[in-house]
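Dear colleague,

Please find below the structure that I am handing over to you. I would be grateful if you could read the notes after it with the model open beside you.

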Amino acid sequence: MSAIFKIKHGVVLPPPQFGPVSLYNFIPGILEDHYNRIMKAFDELANYDNESDYILNDKAQTIWELLDCQDIHDLGTHEFENWSFTNNFRVTKDLEGNVKSSKTVRKTKIEKINYYNQGNDFRISIDTEKFEPASEDSIPDDSKVMIKRLKNGRSFSCEFLQFDFNQILEKSKKTEGETKYEIEIEITDVEGM
């Protein structure tokens with residue numbers, strides 16, 4: 001273990017800052033291979049019939065036991081672009097550039113924890129999303145966009161949880177066209193928990 005990193009509660013913390021810049025760059029996301037293996041396990045679970053003699057592979061079995069739900073549903077594939085603005089306003093557009101008004105939200109960050117793990121970084125982020133209807137006329141122009149994220153993926157649901165598997169092409173002032181792999185877990189029905 002490098003002397004630069006400090007261990008606290010089993011988490012690798014970032015190195016100290018020297019001046020305004022940290023020596024460690026937080027890079028969220030997972031490796032493509034891990035992404036594909038976990039999605040394959042969810043695909044297996046979505047097609048699993050609990051009454052059959054079929055035996056789940058180890059990953060799928062572990063997920064099944066952890067989630068403790070009767071059915072995992074495949075919600076299908078998706079492809080869209082998210083535009084995030086400085087005021088926590090997020091607009092979702094289809095690939096033709098049309099606003100998907102049902103997915104236009106204002107996000108409020110409650111808590112964010114970055115886990116630094118020497119290249120296998122991950123983030124736990126707790127946000128609320130409040131639906132805000134929008135039309136083309138009410139959306140700020142392109143110059144106000146902080147980040148554009150083209151998302152291509154697939155979603156699964158299990159009771160009050162939704163699992164979004166996304167390959168993301170992100171463009172911002174800091175990044176230009178780098179593909180990332182993310183798995184997002186959303187609580188879709190807080191009252192039903």
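The notes below describe the nonpolar cores and the aromatic rings.

This is a predicted model, in which local features need pLDDT of at least 70 and side-chain atom pairs count only at pLDDT 80 or more, while totals for chains, interfaces and linings use all residues. Residues are numbered from 1 along each chain as its sequence is written, and side-chain values use heavy atoms, with hydrogens and water left out.

**Nonpolar cores**

A nonpolar core is a set of buried Ala, Val, Leu, Ile, Met, Phe, Trp, Tyr and Cys residues joined through side-chain atoms within 4.5 Å. Buried means under 20% relative accessible area, exposed over 50%, and partly exposed in between, with a 1.4 Å probe and protein chains only. The largest such core has 18 residues, and Phe 42, Phe 163 and Phe 165 are among those with the most contacts inside it. At least two residues each come from helix 1 (32-46), helix 2 (58-67), strand 9 (145-158) and strand 10 (161-172). Helices (H or I, at least four residues) and strands (E, at least two) are DSSP runs, numbered from the N terminus. Helix 1 contributes the most to this core, namely 5 residues. A second, separate core has 8 residues, including Trp 83 and Val 145.

**Phe 42 and its partners**

Which residues does Phe 42 contact, leaving aside its neighbours within four places in sequence? They are Ile 63, Leu 67, Ile 72, Phe 156, Phe 163 and Phe 165, where contact means heavy atoms within 4.5 Å.

Rings of Phe, Tyr and Trp (its six-membered ring) pair if their centres lie within 6.5 Å; planes under 30 degrees apart count as stacked, over 60 as edge-to-face and the rest as tilted. By this rule there are 9 aromatic pairs. Phe 42 and Phe 163 form a tilted pair, at 4.8 Å centre to centre and 45 degrees between the planes. This pair links helix 1 to strand 10, across 121 residues. Phe 42 is buried at 5% relative accessible area, and Phe 163 is buried at 4%.

The pair of Phe 42 and Phe 165 is edge-to-face, because the ring centres are 5.3 Å apart and the planes stand at 65 degrees. Phe 165 is buried, with a relative accessible area of 0%.

Yours sincerely
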